[in-house]
Amino acid sequence: GEAPEIIPSTYPGQETAYIPSGAIIPVSDYVHLMPNFSHKIEAWGIEENLRNITQKDGKYYILPGLREIVVGEYSLAIRTDIFEEHNIPIPDSYDDLYNALKQLKQIYPDTYPFSDRWEGNSLLNQAATNFGVNAGWGAGNGLRYDENKDEFYFYPTTDDYKEFLAYFNKLVEEGLLDPESFTQEDEVAVNQKFAMGKSFAISTNTQEVISMRNKMNETLGEGNFKVDIIPPLAGPKGRIASSNKLDNGIIISSNALENPNFEVLMKFVDWLWYSEEGQILTKWGVEGVTFTKEGDEYKVMPGLKFTALGINAEDEEAKDLRNDFGMNNGVFVFSMYNGHKELMYSYMTEEARELTKAVNELSTFRNPDPPVLMDEAQREEHTMLTQALMDYVKQMTLQFIVGEADLETQWDAFVNECKAKGADTLVQMTNDIYKSN
């Protein structure tokens, strides 16, 4: 049939998400049929997060996964054995990281102590919020919300962004950070540098670090190294983390409204995806049949294996929780990490659990930027301004960091060029629309 109209849900600092108009129902009209969903939204303080999936019509069209706590997934991995061998303190801040890298450079002068992957997007994204800006994967459209002034501003031209760039430029200029970190696409080569002791810090996440260790077991030998994910580092603004507690979600076809069992459907969705009973069933199965529980700890029954967590994974005789029982199958589970924190922890490796605990215990959480709800014409103009600006910002960000552009002599020219490309117009337009919502 004819393709549905596409309406983007756009708000500053976030990637654009698209939803088909008319093909799915505004689920926010039917949450009165979903007591489990509604209770968790209130009990876990997720109302602000819901604002950012709300459309211009004041409704939202996706039922997101809900998390009681914020998940910690990305941080830095370090060669802990090398740090310990040379009595170098484990970094707690970006200043600590700089000092640690300097010591490593003195000991291993022919190396870049830090060589990163993912073209620096993870590293810059992790660090930026602690400098009071956005960057990397989280660069968005250059806009950031000031809660005190209740308005948006263009963060790439701020002193905070200049300080952020200066920090990473210092790492590059002093030979502490491999400049190829921001351009190298061959992840195998980056990982090999780390695995072979030619670098000692790298961006990672709680799944990737397991793969890294497995590869290093082959190259260095099991027990001959130690790699750990460290808690996210503090910056000039502190240790800041996003307060987002939403996960992947589901949409419901508008055809469902014509079904006489529509209300039953919505109540079933509420039970299956949002009740504790439904979430335990879809993740772990039936107590006494597929799992046992001692306190907050879930364990598979004897004779079963849980491959996703590596439990009895090598036992060829054991029945598989997913393949043989259908639990944790990706159909009825948004992702591993949603629900009550005890249930979330039950699906995490010990390392992922400790990182998540550290994020929630140590961080100051930043509220999501409020949505700016635009009509089609406004959105088109906004997008055109944003694309030209952010292409330039990303180009100059790289040049400032690797030293191809000089922060002291070319910063003012950069700011003026951003204005010439419409930064002030973008800010004015955004705030005008925001105030009119």
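A nonpolar core, as used here, is a set of buried Ala, Val, Leu, Ile, Met, Phe, Trp, Tyr and Cys residues joined through side-chain atoms within 4.5 Å. Keep that in mind for the first stop, and remember that you are looking at a predicted model.

**Stop 1: the inside.** Select F154, F164, F168 and F414. These are the residues with the most contacts inside the largest nonpolar core, which has 62 residues. Now color helix 13, residues 376-402: nine residues of this core come from there, the largest share. Next, center on F168 and show what is around it. Leaving aside residues up to four places away in sequence, F168 touches L123, L124, A127, L177 and I401. Then go looking for another core, which lies apart from the largest one and has 25 residues; F37, I41, I250 and W273 are among them.

**Stop 2: the whole chain.** Zoom out and switch to cartoon view. If you draw a box around the C-alpha atoms along the principal axes, it comes to roughly 70 × 60 × 40 Å. How much of the chain is buried? Buried residues make up 50% of the 437. Contacts also reach across the sequence: of those with a separation of 6 or more, 72% are between residues 24 or more positions apart.

**Stop 3: the charged pairs.** Side chains of opposite charge can pair when their charged atoms come close. The count here is 16 salt bridges, and a few are worth a click.

- Select K59 and D29. Their closest N and O atoms are 3.1 Å apart in a salt bridge. K59 sits in the loop between helix 2 (47-51) and strand 3 (63-66), and D29 in the loop between strand 2 (17-20) and helix 1 (35-43), so the pair ties together parts that are 30 residues apart in sequence. K59 counts as partly exposed, at 28% relative accessibility, and D29 is partly exposed too, with 31%.
- Move on to K435 and D150, another salt bridge, with the closest N and O atoms 3.3 Å apart. This pair links distant parts of the chain, 285 residues apart: K435 is in helix 15 (residues 423-436), while D150 is in the loop between strand 5 (143-146) and strand 6 (151-154). Buried or exposed, what is K435? With a relative accessible area of 51%, K435 is exposed, whereas D150 is partly exposed at 29%.
- Now try K421 and E417, where the closest N and O atoms of the salt bridge are 3.5 Å apart. K421 is partly exposed, with 32% relative accessible area, and E417 is partly exposed, with 30%.
- Finish with D178, E180 and K193, which salt bridges with shared partners join into one network.

**Stop 4: the surface.** The protein chain exposes about 20,900 Å², and carbon and sulfur atoms supply 47% of that. Now highlight V286, V289 and F325: together they form a nonpolar patch on the surface, with about 230 Å² of accessible area.

Notes
Residues are numbered from 1 along each chain as its sequence is written. This is a predicted model: local features need pLDDT of at least 70, side-chain atom pairs count only at pLDDT 80 or more; totals for chains, interfaces and linings use all residues. Side-chain values use heavy atoms; hydrogens and water are left out. Patches are made of residues with over 30% relative accessible area and no salt bridge: like charges are joined within 9 Å, nonpolar side chains (Val, Leu, Ile, Met, Phe, Trp, Tyr) within 5 Å. Accessible areas come from the Shrake-Rupley method with a 1.4 Å probe; for residues, only the protein chains shown count as cover. A salt bridge is a side-chain nitrogen of Lys or Arg within 4 Å of a carboxyl oxygen of Asp or Glu. Buried means under 20% relative accessible area, exposed over 50%, partly exposed in between (1.4 Å probe, protein chains only). Contact means heavy atoms within 4.5 Å. Helices (H or I, at least four residues) and strands (E, at least two) are DSSP runs, numbered from the N terminus.
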